[in-house]
Amino acid sequence: NEQTQGLKQLAQDYVLNQGLSEGADVYVDVDLTSIRSYAAKREGAIPGCGSHGRGPCYQAPRISVNGLNFDWALKPGNESGGPYYDLALQTAETLLREGKARQVILRSDSGFASAERLKKAQGLAEKFPNFHFIMAASAGPKESALLKRIEESRQMPKKRWRKVSPTTSVLEFSRRLVYKEEGVKARAVLVKQQRTLTKRFGPGKGQTRKEKQDHFYFLLTDYRPSECNAQNLFRDYHGRQNEEQLFRDSKQARAFLHLPDQSLAANELYLSLVLLSQTLRRLYQKRVLPKKRRLTYAPTLNNWFIEIGGKNQGSELDLLLPSLSDSPGNPDLDQKSLQTVCN
């Protein structure tokens, strides 16, 4: 509806005007989370793609730019966020045409991996030399070419693998066929993670054993090895963990999970208010707070700046942390800072 689109436009204006630094790299992330609904009669709450079993849920795709909410939606539980990859590409192209960013990097997890989306990302990379993408992809039965790369890796000498952590290694494949039926090639980096699983072998208490198992997935990219080697590509992709905090923070602090209405449109409007408030709060952190406090969770900020009777005590904060230059003790600076962010 118009109100939801207006809130999105407001968030996008704030991000473009206040959230980007001239000449710096810009990361565009697209992701999807499910929201469990305990009221099955709510419009759009349908059992489907969520991680909540067979219960009714919504899907909430989201695009973020440098850790700031840029675009979002609320979908019925049986819909995926696939079209949002196209919107993420449009967002990246908008940033590229503005010319403020040194490089624009689009990152996505394996839920968005497909031959069609890979082709579109490669097309944008050919069009703009300062655009890059990193797409995670898992090897399922349909992706026979990716399964073949895993089998190929088992025949390679161990010295080809590069450690990125005590339990994780990466293997460079350069440019290979990754989607056989569509004939799509890309540079592929294979990631191998050693996981420890607990398995039960009997009905009695304690009848379990731990087994080590290798988990594989791929990072598909247009980066050349000379621009970004396999280890740095892995680290760059997992910078997405900062973006994952957006979901966690909005769920914990902004009642993201408590959609209040029976209609889908009203709940999407509420979600838009939640995400716009989160964008403004992140801008406040980025432009006002000291660097070491810029990734602080919203509940902690609330305890610092909002007095709630019987909950937070200012004396406890003073004992544990040094005083903030923009704390409630300096209201003039607070007003100036808020004006800086909101103007």
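Over the ring of which residue does the charged end of K192 sit? In this predicted model, the charged end of K192 lies over the ring of W161, at 4.4 Å from the centre of that ring. As for pairs between aromatic rings themselves, a search of the whole structure finds one.

Nonpolar side chains tend to be buried together in soluble globular proteins. Here the largest nonpolar core holds 49 residues, and those that touch the most other members are V28, V104, L118 and F131. The greatest contribution to this core comes from helix 2, residues 83-98, which gives seven residues. There is also a second, separate core of 15 residues, with V191, Y217, C228 and A230 among them.

S108, for its part, is placed in strand 6, which covers residues 104-108. S108 counts as buried because its relative accessible area is 1%, and the cut-off for that term is under 20%.

Helix 1 runs over residues 2-18, and its 17 residues reach 24 Å from the first C-alpha to the last, which is close to the 24 Å expected at 1.5 Å a residue. The buried residues of helix 1 are T4, L7, K8, A11, Q12, Y14, V15, L16 and Q18.

Methods. Residues numbered from 1 in each chain as written. Predicted model: local features only at pLDDT ≥ 70, side-chain atom pairs only at ≥ 80, totals over all residues. Heavy atoms only, no water. Helix = DSSP H or I, 4+ residues; strand = E, 2+ residues; numbered from the N terminus. Buried < 20%, exposed > 50% of the residue type's maximum accessible area, 1.4 Å probe, protein only. Expected span 1.5 Å × (residues − 1). Phe/Tyr/Trp six-rings, centres within 6.5 Å; stacked < 30°, edge-to-face > 60°. Lys NZ or Arg CZ within 6 Å of the ring centre and 35° of its normal. Core = buried A, V, L, I, M, F, W, Y, C linked by side-chain atoms within 4.5 Å.
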